[in-house]
Number of protein chains: 2
Amino acid sequence: MSSPKQVNIAVIGTGGVGAVFVSQLAWLAKHRPSVHLSLCYIAMIDKALYHPDYSEIDIDTAVSTLESTGRAPPAIPEIIEYLAGAPHKVIMVDNTSSGAIAESYPQFLARGISIITPNKKAFSGNYKLWQDIFSAAESGQALVFHESSVGAGMPIISTIKELVQTGDEVTRIEGVFSGTMSFLFNCFAPISNTGSNAKWSDIVKQAKELGYTEPDPRDDLNGLDVARKLTILGRLAGLPIESPSSFPVESLIPKELENVANGNEFIQRLNEFDDEMEKEKNAAEKAGKVVRFVGSIDMASKQVKVGMEWFDPMHPIATLKGSDNIISFFTKRYGAMPLTIRGAGAGGDVTAMGVTGDLLKVITQLRE
Amino acid sequence: MSSPKQVNIAVIGTGGVGAVFVSQLAWLAKHRPSVHLSLCYIAMIDKALYHPDYSEIDIDTAVSTLESTGRAPPAIPEIIEYLAGAPHKVIMVDNTSSGAIAESYPQFLARGISIITPNKKAFSGNYKLWQDIFSAAESGQALVFHESSVGAGMPIISTIKELVQTGDEVTRIEGVFSGTMSFLFNCFAPISNTGSNAKWSDIVKQAKELGYTEPDPRDDLNGLDVARKLTILGRLAGLPIESPSSFPVESLIPKELENVANGNEFIQRLNEFDDEMEKEKNAAEKAGKVVRFVGSIDMASKQVKVGMEWFDPMHPIATLKGSDNIISFFTKRYGAMPLTIRGAGAGGDVTAMGVTGDLLKVITQLRE
């Protein structure tokens, strides 16, 4: 196969995922000599590094050079103009969680710039943006891949796409889509009775201290992250979901704490509401079940929901450990027993791997 | 992306998987109008259908036309000669389990004919054939995909390839790789104590009646199917495994029954050996475990093995149901908790889907 000889790479975002991706890119550049990967643009929130003549930036030292010599980044239209003028095909890797960049994907794609990203925003925003992205990709003959937007490096997006593209019919999707929620509930309601009796507020506090939550845990507890992932999977399965707020999402933020000033104050006052969570846990236990925070999509009824549900202790969702995700696809071909994928759904290494995996796919599909 | 406008498809084998594949191909031809999929050759064991001018065979009626008008199939070198002369790129889909066709893959590939197959033989034969296949693919600029050779339509091969190609390091692979073995042990040693006390020989008999075993159950019980799958995964992970017989494989065929005439006689006499299996099951139970038939690869010690092992009743391998497969990849990036994929690892629909999924991948990567 005659892959392109050279591909230009632009990287936006050098945070947790971005920095690891750049190191994986460096590894790839050394181990995939059939395609020359030329880094032509790299940027962080307030700095950018690039050369008007598209000359190559050394990948190994890119992040430190950016930090020491980067200038103020250009506006997004200027970035697009710059990349569209490059002498070879360009792949823009968006490792941010920026809504503004997400909204500009159609402009990148329409100019023939392919996009790879773990950023959920674009694919779980309003449905019009979703449509614009894929029609721009078609008109610009560009590719857009976002494996890490659900389940990090696990083969979730590629699997549901293949099910649909080969003519299978997805009937139901269910699972634990948030590493934070997984950790919280696996600690709070362990399947063995010998488990801890720790209070909900103490577990949330511990999770925050371990770095398993966002700086403000309410950003996990509001269920929006799970709702965004379901929006993406539902759309790929064929449901034109309007937005992550167009279906019921159970928030675990007590009403009284919705407006407290910050995450620390939230954590300090959360114990006032431990009884409510304890009640839910005990009710589940009395029914011989354990409580978990799950998302599900039922294709026939078009019902999408996010919230607490009870599971038999032998159910794969109940036996999950640590902060693992689990996602099950029920389809016509798989019948009563779903195809299930389980593992780490967050973390820099595995999220970056999903991005690097997408890069390999884009490279093999791109034509000069 | 400018995919090829036309791709020629040759299908060998129209049995359980092959017939379903042809129906999925018909679906695909109607739903993927960007590439014209032209069936130019179709064959079963004693018949072949093709035209010297490569004119198209109607996919919808191909199998019945083959059955009614097919002639004796040409020898493999003639098939290769015919396909290599086609006016567009050719993909040969081998839906047989033929060793002779598998051994000729290098000749197909060297002539630029891409190969897609669920046939394990080629990838789990001797290591020289493995090397010949991939070097012929490179010299012929052809592609070779075999997702369904392990775990049917589940993303097993694609996942391990991506782990390796993005620079992750596989440390251990373990799982239940045989739907038959899964069914037998899930019935024989269920995790709940209220489970059946059925005898081993009765379960094997029932499995045979349900069509879950090969016509002669010894072809499942000898462990070779599992050994072949481990050979493939081990090689993809980087171990140059010489053959499926170069590591310990526990056979569940009693020595005394190795040479009985056929499957029926085997089934009739198997109850003489129920005590041995009962002993294993009880010993595991006394240790608070259940017995399962698993395969594993430890990359550091280069140890590959297939056989019975004991698992905690909460272990994902123990809680497997029906005839599901489960395969776990332990890697450097995933750390202590593996990436695990579970679901149907056999059956016409899902095996054919893996083949059709590979076809989509090959199409997007092929160049005119």
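1. Across the interface of domain 1 of chain A and domain 2 of chain A, one salt bridge is found, where a salt bridge is a side-chain nitrogen of Lys or Arg within 4 Å of a carboxyl oxygen of Asp or Glu. The side chains of Asp225(A) and Lys120(A) also meet in a salt bridge, at 3.2 Å from N to O.

2. This is a predicted model, in which local features need pLDDT of at least 70 and side-chain atom pairs count only at pLDDT 80 or more, while totals for chains, interfaces and linings use all residues. Residues are numbered from 1 along each chain as its sequence is written, chains are lettered from A and ligands numbered from 1 in the order in which they are written, and side-chain values use heavy atoms, with hydrogens and water left out.

3. Chain A is divided into domain 1 (6–153 + 349–365) and domain 2 (157–344), with bounds that come from an automatic or database domain assignment. The C-alpha centres of these two domains of chain A lie 30 Å apart, and 18 residues of domain 1 are in contact with 20 residues of domain 2, contact meaning heavy atoms within 4.5 Å.

4. The area buried between domain 1 and domain 2 of chain A is about 1500 Å², of which carbon and sulfur atoms give 63%; buried area is the accessible area (1.4 Å probe) that two parts lose on being put together, summed over both. In domain 1 of chain A, Ser124(A), Tyr127(A) and Val150(A) lose the most area to domain 2, together 37% of what that side buries.

5. Turning to the two chains, the contact takes 52 residues from chain B and 52 residues from chain A, and the area buried between them is about 4200 Å², with carbon and sulfur atoms giving 61%.

6. Between chain B and chain A the count is two salt bridges. Glu162(A) forms a salt bridge with Lys361(B), and the closest N and O atoms of this pair are 3.0 Å apart. On the side of chain B that touches chain A, the largest share, ten residues, comes from α14(B), a helix being a DSSP run (H or I, at least four residues) and a strand another (E, at least two), both numbered from the N terminus.

7. Strand β11 (residues 339–344) of chain A is joined to β11(B) by three bridges, and the two run antiparallel; strands pair if DSSP finds at least two bridges between them. Within this pairing, Ile341(A) stands opposite Ile341(B) in β11(B).
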